[in-house]
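Please keep the sequence and the coordinates open beside them.

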Amino acid sequence: MSSSCRHNDAALPPPPAGEGWGEGVSTRESPQAERALSRIASFDAIRPPPQAGEVKIARGQISHMLSAALLMALATAAAPAHAFIAYVSNEKSNTVSVIDTDSWTVTKTIKVGQRPRGIDFTRDGKFVMVAVGDDDTIQMIDAKTQAVVDSLPSGPDPELFAQDAAGKTLYVANENDNTVTVIDLEKRARLGDIQVGVEPEGMTISPDGKTLINTSETTNMAHFIDTNSRQIVANVLVDARPRFAEFKHDASEVWVSSEIGGTVSIIDPGKHEVIGKVNFEIPGLRKEAIQPVGIGMTKDDKTAFVALGPANRIAVVDVATRKVTKYLLVGQRVWHMAFTPDEKYLLTTNGVSNDVSVIDVAAQKVIKTIQVGELPWGITIAP
Amino acid sequence: MIRWLVGLIGWSLLATQVLAADPVMIGVGYLGLAGTRSTLSLVEQPAENDGVAGARLAIEDNNTTGKFLNQRFTLEERRIREGEDVVQAATELAEKNGFIIADLPADALLKVSDALRERGTLLFNAGAIDERLREADCRANVIHTAPTRAMLADALGQYLVWKKWSRWLLVVGSHDEDKLFADALRRTATRFGAKIVQDKTFEDKGGARRTDSGVTLIQRQMPVFTQGAPAYDVLVAADESEVFGAYLPYRTWDPRPVAGSAGLVPRSWDASQDQWGAIQMQNRFVKLNSRRMTPLDMQAWTAVRMIGEATSRTNSGDVKKVTDFIKGPDFSVAAFKGTKLTLRDWNLQLRQPILLVDGRMVVSVSPQEGFLHQVSELDTLGYDRPESKCKLK
């Protein structure tokens, strides 16, 4: 037996159910222990979540105090002030779970096509679009009736998509044939295709709507596409398997997560250059388990949240210094996330543990866990 | 009018040529033996383009990326017939190609690597699983994308131990490579605390793999062959030569699972692997080659992708620059196995998870939970740095 390799009997858990489906990587870091922690975190929810105002006064930020006070005032004025509706795509069970953020419960489960992943509201809030990859289409869910009412003509195996600010044009990454499909949302018609790298996935659009960013997983690039001419204007090489792209709200930076590379590359969209990287390190966790995917950025561009996949954590990143300030333990194999419109809460989809974690954004704490369908992947919240 | 049009077309052609600089050409050679080996199961019979089909897909993938970097990849295939000189063929191939993917037996590979050392050609061993190519006979100009027998045996052994099937009935074929695999399995048993309750040999007495009489005789032979064994949990077969392994499942005297060369088999890749985004690559492969992807296809794909990864990172087609980058500390490649693959710098073996497959599904992926290592859990598979006898030269 090798001196540097040992077999740890005590760490042998029973086979985790539902392990290793889809693109998911199951964790090897004693999932039971982490789940236990996560459950403890969710018990906190029995007590009322910490008052946003209290935390912020301690920090002495006047503007935050004012907004917090405003929020509290709103909360007293209308009881369910934060009653938002979240839609979660469940990759394995071919359903979308509807979560009420007032009661934090699943109020409805909608049957959709095969392998639902990318999910987003139309800008008018009337429909939820969900990419059902194995059916080669994007389905439209009527937000009122909560039923599938139509579908969009995407290319084969759509995964993630982005829409322009007006909500008129939709850009879809089709993983199977190296293209981005352009769709007219009003006419629900296909306008054309853009050839990109191998396995296009991440999609985001600049706040001014002029530039579309697409990442390709095997080509390892972020493609900058002019939305007018539909031509690629620049290609920026990033670390291996780029999966998600997110613009800062002030348009000064694009953040691209690399799942296999284990980093987030920060790109200057004017110079088309990588100007910095966010690195992650979690004591006691092997580097390979850190696989960044989803990214969420607060509207003030001060704080970013990065889902670290099988590391079962969300990294809280200070945008100015590009340093991780905290790791929040969530469920297993965390994929994507969405803020409530008031930015009080951040909801994350945890693929392997089949649940959604609720993070109190101000307190930077996980306050609740909600069971959804099998292998939850994407999430969107009604505007 | 027509003259004017012709002139316009001519001018625009010229303009495009002037605008786009000549792409950097990156030549990749593929060197293998002609003919295919015979397997017991007809469905496992390798296609004639086994291996090179994977290289071809990776060339396409590299070229999709290459068009953004003005790099162009080409593939030149060379098959050695019996009696042909492998060194001469390799030298000819190396004239136009700085990189060669080799699917050769160990001795032939060593001859080629020694002959091409001065020239600076970088070889990728996509086919040979022999330990000695990474140990006493390792070479500084050969990178191994094929796993080793010890890696395969350890991957299987970890799962069997995890499953608490720790009493093994080992059945070994009578050919050299069967014995080598058996050695690897015995080493695995010692490392991970399994017990080989009996070590049996299955003599190859010759004979056809396919007969008109079919399975009648096999059905009588196999139970008798496995009769009277000491109590065991799993039969582990070492039959790389495809003589008896596939006959064992469902035919053992005691109702026991079979693993090793049949039943639950350790492999670098499988046609049923669809995790970690692999489905897109499997689809691309089927579209291009009209068949499903084998471990050898994957090992060749990975080799060509390693070249593509290094040429895009270095923005260069220079063989020396690319080779240095691949061997350097910053290199890694994504190959749909849930983790980045890196090179063991002491012997240039690619670290990789190993799939355990049953012919229809991926049953598990090793390393298994709980097998720990201070550098990389992937190094719990195969010979580790402190044990290595390799001195790269």
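1. Which residue in the turn of the hairpin formed by β15(B) and β16(B) has a positive phi? The residue is B:G359, whose phi is about 100°, and four residues lie between the two strands of this hairpin. Helices (H or I, at least four residues) and strands (E, at least two) are DSSP runs, numbered from the N terminus.

2. This is a predicted model, in which local features need pLDDT of at least 70 and side-chain atom pairs count only at pLDDT 80 or more, whereas totals for chains, interfaces and linings use all residues. Residues are numbered from 1 along each chain as its sequence is written, and chains are lettered from A and ligands numbered from 1 in the order in which they are written.

3. On confidence, the model scores ipTM 0.73 and pTM 0.79. The average pLDDT of chain B (pLDDT being the predictor's confidence in each residue, from 0 to 100) is 92, and 93% of the residues of that chain score at least 70. The stretch to read with care is residues 12-19 of chain B, where pLDDT stays under 50 and the model has zero contacts beyond four places in sequence; two residues are in contact if their C-beta atoms, placed from the backbone, lie within 7 Å.

4. Chain B is divided by the domain assignment into domain 1 (24-147 + 270-352) and domain 2 (150-267), with bounds that come from an automatic or database domain assignment. The C-alpha centres of domain 1 of chain B and domain 2 of chain B are 30 Å apart, and nine residues of domain 1 of chain B are in contact with eight residues of domain 2 of chain B. The side of domain 1 of chain B that touches domain 2 of chain B consists, by class, of four nonpolar, three polar and two charged residues. Here Ala, Val, Leu, Ile, Met, Phe, Trp, Tyr, Cys and Pro count as nonpolar, Asp, Glu, Lys and Arg as charged, and the others, Gly among them, as polar.

5. Within chain B, strand β1 (residues 24-33) pairs in the parallel sense with strand β2 (residues 71-80) over ten bridges, where pairing requires that DSSP finds at least two bridges between two strands. B:V28 stands opposite B:L75 of β2(B). Together with helix α2 (residues 52-69) of chain B, β1(B) and β2(B) make a right-handed β-α-β unit; right-handed is said of a crossover if, with the strands pointing away from the viewer, the path from the first strand over the helix to the second runs clockwise.

6. The bridge partner of B:L356 in β16(B) is B:S364. A cis peptide bond, with omega about 10°, joins B:S366 and B:P367, and B:P367 is found in the loop between β16 (362-366) and β17 (371-373) of chain B.

7. Chain A has three helices and 29 strands. Of its 383 residues, 50% are buried, a residue being buried if 20 or more other C-beta atoms lie within 10 Å of its own, exposed if 12 or fewer, and partly exposed in between, with C-beta atoms placed from the backbone. Among the contacts in chain A with a separation of 6 or more, 45% are between residues 24 or more positions apart.

8. A:F84, in the loop between α3 (62-77) and β2 (85-90) of chain A, is buried because 21 other C-beta atoms lie within 10 Å. Its C-alpha atom is separated by 8.1 Å from that of A:P341, which is 257 residues away along the chain. Not counting residues up to four places away in sequence, A:F84 touches A:T101, A:T340, A:P341, A:I381 and A:A382.

9. A:I183 belongs to strand β11 (residues 179-184) of chain A and is buried, with 25 other C-beta atoms within 10 Å. Leaving aside neighbours within four places in sequence, the contacts of A:I183 include A:L152, A:L170 and A:L191.

10. Two arginines deserve a check of the backbone. A:R188, in the loop between β11 and β12 (189-195) of chain A, has a positive phi near 55° and is partly exposed, with 14 other C-beta atoms within 10 Å. A:R333, in the loop between β24 (323-329) and β25 (334-339) of chain A, has a positive phi near 60° but is buried, with 32 other C-beta atoms within 10 Å.
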